[in-house]
Amino acid sequence: MNSDLAQEIDSLVTQAEAIANDARKTFGGLSKEQLNWKPSPERWSVAQCFDHLITSNSGYLPIVDSVLKGQKQSSIWQKLPFLPGIWGKMLIKSLDPKQTRKMKAPKKFEPAQSDVSSSIINDFAAQQEKIVEKMKATANLDLERIVITSPAASFVTYSLMDAYRIIVVHERRH
């Protein structure tokens, strides 16, 4: 791996750890009722935001495990030379917190409707630790050349490096 990518992985690891620490610090002391409070019926509660992040991030863990075990199979979509780069850049840009346009979460990533457990912040932080472990475990691989399929849509592909970028930028957005 080139030194720029190694530095970026280090940066993504640092950001992911900071996001978990900020979540604990900011929301860890809230009661279940406070975590589940919604500013309006159409908006998500704090707990629902973290439930959404856990749900969307969980789809990446088995993919990275298959890469680490050398068992990842490539789909036809992953073999197309230009699509992964296009999808990755587009998703990273659209999920950037600077973007003001609202996006609807894919159905399978929508949060629980109400009454999320008060352990949600600790659950998120624990998942972040797993994600950080996976980033570190794959840091020596050619992450730009390993193409994966999005957990959200089977026709969307991007590099594993872009997957890590997507995870962090998505978390910052929320």
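F124 is buried in this predicted model, its relative accessible area being 0%. Ring pairs join F124 with F27 and F50 in a cluster. The geometry of such contacts rests on two quantities, since a pair of aromatic rings is described by the distance of the centres and the angle of the planes.

The number of aromatic pairs comes to two. In one of them, the ring centres of F27 and F50 are separated by 5.6 Å and the ring planes meet at 65°; because planes over 60 degrees apart count as edge-to-face, the pair is assigned to that class. F27 belongs to helix α1 (residues 3-27), whereas F50 belongs to helix α3 (residues 46-58), and the pair therefore ties together parts that lie 23 residues apart in sequence. F50, by contrast, is buried, with a relative accessible area of 9%.

As F50 is located in helix α3 and F124 in helix α7 (residues 120-138), the pair ties together parts that are 74 residues apart in sequence.

Definitions and conventions:
Residues are numbered from 1 along each chain as its sequence is written. This is a predicted model: local features need pLDDT of at least 70, side-chain atom pairs count only at pLDDT 80 or more; totals for chains, interfaces and linings use all residues. Side-chain values use heavy atoms; hydrogens and water are left out. Rings of Phe, Tyr and Trp (its six-membered ring) pair if their centres lie within 6.5 Å; planes under 30 degrees apart count as stacked, over 60 as edge-to-face and the rest as tilted. Helices (H or I, at least four residues) and strands (E, at least two) are DSSP runs, numbered from the N terminus. Buried means under 20% relative accessible area, exposed over 50%, partly exposed in between (1.4 Å probe, protein chains only).
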